[in-house]
Amino acid sequence: MLFLTRLAFKNLARHRNRTVITSIIIAFAVLSYILYDSLIGGMIEMSYATIIDYETGHLQVMTREYWEKETEEKELPLEHLFTLDEELEREIQEVEGFLAAAPELNFQARLGNGVDELPVIGKGIDPEAFGRVFALEDRFVEGSMFAPGENRAVLGKRLADLMDLAVGDYITLLVKDKDGSYNTIDAEIAGLVHTSNPNVNQNIVYLPLDIVEQGLNTPGEVSKVIIRLENKDLASKLAGELGGQLQGSAGNLAVYPWDEMEAVTFIGAAEIEKQLIFAIILLIGAIAVINTVILAALERMGEIGMMKALGLQNKEVVYAFVLESTGIGMIGGILGVLMGVGGVWPMVKYGVDFAGLVSMDLASFGLPILGRLYGVWNPAGFAWVFLFVVIVSSLSSILPAYWAANKDPVKTIYHR
Amino acid sequence: MALLEMRGLTKIYDQGKIEVPALRGIDLTVEKGEFTTIFGPSGSGKTTLLNLIGCLDRPTAGTIIFDGQELGGLDKKDLAIIRRHHVGFVFQSYNLIPVLTAYENVEFAIRLVNKYEKKEIRDRVMRILAAVGLAGLENRKPNELSGGQKQRVAIARALVKEPKLVLADEPSANLDSKTSEEVLQVMAKMNRELGTTFIFSTHDPLVMEYARRLIEIRDGQVAKDQRRE
């Protein structure tokens, strides 16, 4: 076997051009995956940041009934609110890695500008606490945040454009209060924001919490409390811990981590897309290797016949071919990984200005990209793609190698 | 003592709707240490007979007993084992592995036998290369050797494992007469020194001159079987 191993590796140099071309095909397949993986990884990280920074925070405290209505029935019910008292506030602040918390009173409304109407989500917020949890403060393109008690609102620039609104204009929100009566909340536009979160840009109207409480007739009540932590990766663990504590003190409240929110589940689609690209890449590698093995086998028929005449068994002939293909896979894989390192490094350091490249606002299309998109290093991805191309190279050579090894030795010796 | 006994050996090739008989009931016995040439016109069945003797192919009917073992009941794997240990081949077109040196081409055959230590393998390979007149050329690759030298490497490869039988199919076909003679002298010497049985298939009168037994095959049958002193 050792001799066959040596022979297989010597054969790599035999058809140097073919080995190089096949390896380059594999290397480019590996490179494509690595670049794609880096960009998708960057985009997923950006998506997480977009969701956490503008929509979900790290943890959300709300009643179980509210969670079910919101996630299952897409409603923002006013009958499942709760009061944020001092004891609850203290318990929340004692959570490990706690940075800030902000209450929200969410409601469904119809936004009117005097001419047109659009359905929107209204959010009653405490601007100071909200600013500590979310990153909206940096995203004002016009105007600024309101103060508590002011009849003023903040909304997305895109929504404002759709409704032909500007800072200083007045809006009317038609709402149904807690008793089911229709009411209106009038507000002057204090500021317009533009973020990488399309939901914030075109669906949400922020108002002072106390103004919303009056409008909805829900004094002292909130829909949820959003918590910001030091580390997003601890969210699930801490949600469990805080949830356990609250079960004792505030029985109907539960805690949900950011990655259980509906918005995050959409990101799973990117993962499926990545697997699809992965499969295509492996297919390219497999076709290149199968083609190479068949050509090599056809060229070496006489040699295969001679090896069988010397007493080599089919499995030993297959072993030699498979090992040769493994060698090609390894060369292509190493080359691809090296090229990948060279390709990912500038993407991580300098990023890619996709929005600039296509000259349009990608956030409007649901892509969480504002400014440059940065790639991420994923060493595990490098290792996996390398391992997979080597395995696929080996496996894809088995059938053509068996085809060659199974040839009648008499026919192969005499090239019949 | 008989190395090979063939009884009623028949080979029919099935070519679609037509059956082509290549051998029609051959009866032959080959003793150990013989230096035999099988000759006859093209299509007479020489190569087919060699392939059956060399366990590369199976007869349609009849039996072959190789060194006391009936080959009929053996599967592909067992036939490969017999070839690996007991049969050496020399082909018209040498069939050397181009990426290996002369030494490595010979080493390949003895490695397969898997019964020698590293040092013994080296000694045997070097000894056989010297015996076929290739001392000093062991590190050359086939493309750096002449036709005669390539055939000597093929002979060394066939002999290095000390097989019971060497089958040579038209070994001189690609060589000039001087080189053919040199190669035949090498094989005759090995036959004398090692007692290896040689069976040739050829058209070449020079090869026939060297043979101590001449078997003529015509239309798949033994037409003449003549021994020389």
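How many bridges join strand 1 of chain B to strand 2 of chain B? The count is 11, and the two strands run antiparallel. Strand 1 covers residues 2-15.

Some ground rules before I go on. This is a predicted model, where local features need pLDDT of at least 70, side-chain atom pairs count only at pLDDT 80 or more, and totals for chains, interfaces and linings use all residues. Residues are numbered from 1 along each chain as its sequence is written, chains are lettered from A and ligands numbered from 1 in the order in which they are written, and side-chain values use heavy atoms, with hydrogens and water left out.

Now the sheet. Helices (H or I, at least four residues) and strands (E, at least two) are DSSP runs, numbered from the N terminus. Two strands pair if DSSP finds at least two bridges between them. Strands of a sheet pair through backbone hydrogen bonds, either parallel or antiparallel.

In chain B, four strands make an open sheet in the order 2-1-4-5, with antiparallel pairing. Strand 2 (18-31) and strand 5 (69-70) of chain B are at the edges, each with a single partner strand, so one side of each has no neighbour in the sheet. Gln15(B) stands opposite Ile18(B) in strand 2 of chain B.

Next, chain A. Val61(A) sits in strand 1 of chain A, residues 59-63. Is Val61(A) buried or exposed? Val61(A) is buried, because its relative accessibility is 0%. The cut-offs: buried means under 20% relative accessible area, exposed over 50%, partly exposed in between, with a 1.4 Å probe and protein chains only. Leaving out residues up to four places away in sequence, Val61(A) touches several residues, among them Phe82(A), Ile92(A), Leu242(A) and Val255(A). Contact means heavy atoms within 4.5 Å.

On to where the chains meet. 25 residues of chain B are in contact with 24 residues of chain A. Together the two chains bury about 2400 Å², 62% of it on carbon and sulfur atoms. Buried area is the accessible area (1.4 Å probe) that two parts lose on being put together, summed over both.

Now the rings. Over all chains there are 12 aromatic pairs. Rings of Phe, Tyr and Trp (its six-membered ring) pair if their centres lie within 6.5 Å; planes under 30 degrees apart count as stacked, over 60 as edge-to-face and the rest as tilted. Phe3(A) and Phe108(B) are stacked, 5.1 Å centre to centre with 15° between the planes. That pair crosses between chains, from helix 1 (residues 2-14) of chain A to helix 3 (residues 102-113) of chain B. Phe3(A) is buried at 7% relative accessibility, and Phe108(B) is buried at 1%.

Last, charges. A salt bridge is a side-chain nitrogen of Lys or Arg within 4 Å of a carboxyl oxygen of Asp or Glu. The total over all chains is 35. Between chain B and chain A there are four. One of them joins Glu104(B) to Lys10(A), with the closest N and O atoms 2.6 Å apart.

Within chain B, Glu34(B) and Arg213(B) meet at 3.0 Å, N to O. Glu34(B) lies in the loop between strand 2 and strand 3 (35-39), and Arg213(B) in strand 9 (residues 213-218), so the pair ties together parts 179 residues apart in sequence. Glu34(B) is buried at 8%. Arg213(B) is buried too, at 3%.
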